[in-house]
Structures are given as structure tokens and as C-alpha cells.
Amino acid sequence: MDNPIILTAEIIGTVAFASSGAMLAIRKNMDLFGVLVLGLCVAVGGGILRDIILGQTPPGAFRDPVYAMVAMGTSFLLFVVVYLKKEILNSKYLTLYEQVMNYCDAVGLGIFTVVGVYTAHSLGYHNKFFLIFLGMLTGVGGGMIRDVLADSMPFILRKHVYAVAALAGALVCVNLIDQNLYLSLAAGTTVIIVIRVLATKFCWDLPRPLPKEKKEG
């Protein structure tokens with residue numbers, strides 16, 4: 001993208017999402033290739049799905065390799081750090097690790113959701129339902145691919161109003177984007193990050209048909 005602010009936001013989101021994917025792969029004891037793949041999938045997976053729906057082929061992740069390179073570089077760096085300092089994953093670091101990963105995931109979700117809205121809007125689409133759907137898909141798509149590859153129930157289907165946060169942020173962004181582009185992007189991102197952080201802190205979950213212990217046990 002030509003817009004330097006959008007490009008900067010995407011790079012930050014790429015680093016954040018790649019970190020969450022790589023660390024999950026490390027926790028699953030995958031090898032270096034697995035860590036790189038999971039980090040890459042989270043970082044560019046949602047954008048690839050978005051571009052396919054928009055008919056932008058080949059997707060931007062293949063036309064401009066900077067995002068893939070940043071994702072793989074971030075994943076490789078985290079692999080090396082943990083490989084050389086394995087005690088990082090010990091219990092005394094676990095709480096800090098979870099907090100850092102939650103913040104990374106929240107930032108990535110916020111940025112990529114609003115960038116998804118922006119991308120569709122810049123191509124001339126103004127249907128609010130479509131823009132919200134594209135934004136949400138861009139934000140959560142990579143995480144769903146990550147969870148499937150890691151043999152886990154997709155995070156968005158089970159925990160801490162994840163997709164709902166993306167939906168709320170996309171809704172805010174869509175309703176402001178025709179008035180002020182940068183305000184809409186900032187507001188949408190902020191809403192998502194705040195909801196995700198609060199949901200994690202206070203363990204907010206959507207209602208379930210069965211008690212959590214029985215459902216997940």
C-alpha cells in the first residue's frame with residue numbers, strides 16, 4: 001500500500017500476529033519450519049482470505065513479500081531466543097508470557113481488522129455489512145488457520161469474545177470511515193484492543209449451552 005501510515009500499521013500488526021503464532025508453535029514444540037509456518041499463517045492468512053474474496057489475485061502477501069519476510073523474521077528471532085534461553089517458558093515466566101501474547105494478539109487483531117475495512121473501502125465498496133465482514137475476516141482469519149494447523153479448537157469459537165471484539169471495532173470503523181479515515185482506523189483499533197484486554201483480564205466469555213467444565217472437559 002502507498003499510504004505510509006497504513007503500511008506502518010500493517011508492519012506492526014504483522015509483527016504482533018507473527019509473534020503470537022510463533023510462540024504457540026514453540027509451546028507445541030514444533031520444529032523451526034513449523035514455527036515459521038505458524039507465524040506466517042497468522043500474519044498473512046487473514047489478508048489472503050480477504051484479497052481472494054475481493055478478487056485481488058494473486059493476494060497482496062504474494063505480490064509484496066515484505067509482510068511475509070517480516071513475519072518469518074519475527075518468528076525466527078523468537079525461535080532463536082527460546083532455543084538459546086529455554087527457561088523463558090518455565091512457570092515463573094508463564095504469566096508474563098501470557099500477558100505479552102495477549103497484548104500482541106489484541107494489537108494484531110485491532111490493526112488487521114481496520115485495515116481489512118480500509119482495503120475494501122478503498123476499492124470502492126461501501127456496503128456496511130460487507131465492509132464489517134471483510135474487516136472481521138481479515139482480523140480473525142489468520143488465527144483460525146493457525147489453530148487448525150496447531151490442532152486446536154479455533155480461539156474465536158470458544159474464548160474471551162474474540163470475534164465480537166473484531167465485530168465491534170469493524171462497526172466503529174465503518175461508521176466513521178466516510179467522515180475521517182484516520183480517526184476511523186484509530187477508533188476501531190482502540191475499541192478492539194480495549195475489549196480484548198478487558199475480556200482477558202476479567203475472563204469475559206459469551207454464554208454457553210453447558211457449564212464450561214463439562215463443555216471443555
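In which helix is Asp147 found? Select Asp147 and you will see that this residue is found in helix α6, which covers residues 128-149, where helices (H or I, at least four residues) and strands (E, at least two) are DSSP runs, numbered from the N terminus. Before going further, bear in mind that this is a predicted model, in which local features need pLDDT of at least 70 and side-chain atom pairs count only at pLDDT 80 or more, while totals for chains, interfaces and linings use all residues. Residues are numbered from 1 along each chain as its sequence is written, and side-chain values use heavy atoms, with hydrogens and water left out.

Not counting residues up to four places away in sequence, Asp147 touches Leu24, Ser152, Met153, Pro154 and Phe155, contact meaning heavy atoms within 4.5 Å.

Now select Thr138, also found in helix α6, which is buried with a relative accessible area of 2%. Leaving aside neighbours within four places in sequence, Thr138 is in contact with Gly46, Gly47, Arg50, Phe112 and Gly116.

**Stop two: the whole chain**

Zoom out and colour by secondary structure: the protein chain has nine helices and zero strands, so that, in the terms of the DSSP runs, the pattern along the sequence reads α-α-α-α-α-α-α-α-α. The C-alpha trace spans about 50 × 40 × 25 Å along its principal axes. For 217 residues, a compact globule would have a radius of gyration near 17 Å, and the 17 Å of the protein chain agrees with that; the radius is taken over C-alpha atoms, and the globule rule is 2.2 Å times the number of residues to the power 0.38. Of the 217 residues, 44% count as buried, and among contacts between residues at least 6 apart in sequence, 74% join residues at least 24 apart.

**Stop three: α7 against α8**

Two packed helices are described by the angle between their axes and the distance between the axes. Select residues 162-176 (helix α7) together with residues 181-202 (helix α8), which pack at an angle of about 160° with their axes 8 Å apart. That angle makes α7 roughly antiparallel to α8. Here the axes are lines fitted to C-alpha atoms, for helices over the stretch in contact, and angles run from 0 to 180 degrees between N-to-C directions; angles under 35 degrees count as roughly parallel, over 145 as roughly antiparallel, 65 to 115 as roughly perpendicular and the rest as oblique.

To see the contact, show the side chains of α7 that meet α8, among them Tyr162, Ala166, Gly169 and Leu176, and those on the α8 side, including Leu183, Val191, Ile195 and Arg196. The residues of this contact divide into 14 nonpolar, three polar and one charged, where Ala, Val, Leu, Ile, Met, Phe, Trp, Tyr, Cys and Pro count as nonpolar, Asp, Glu, Lys and Arg as charged, and the others, Gly among them, as polar.

Within helix α7, pick out Cys173, which counts as buried at 0% relative accessibility. Cys173 touches Val114, Val117, Ser184, Leu185 and Gly188, not counting residues up to four places away in sequence.

**Stop four: α1 against α4**

Select α1 and helix α4 (residues 66-84), which pack at an angle of about 40° with their axes 8 Å apart. This makes α1 oblique to α4. The residues of their contact divide into 14 nonpolar, four polar and one charged.

**Stop five: the loops**

Which loop holds Asn29? Asn29 lies in the loop between α1 (4-27) and α2, with a positive phi near 60° in a residue other than glycine, and Asn29 is exposed, with a relative accessible area of 69%. Select Cys203 next, in the loop between α8 and α9 (212-216): Cys203 has a positive phi of about 55° although it is not a glycine, and is exposed with a relative accessible area of 51%. Finish at Pro58, in the loop between α2 (32-54) and α3 (60-63), where the peptide bond from Thr57 to Pro58 is cis, with omega near -10°.

Conventions: Buried < 20%, exposed > 50% of the residue type's maximum accessible area, 1.4 Å probe, protein only.
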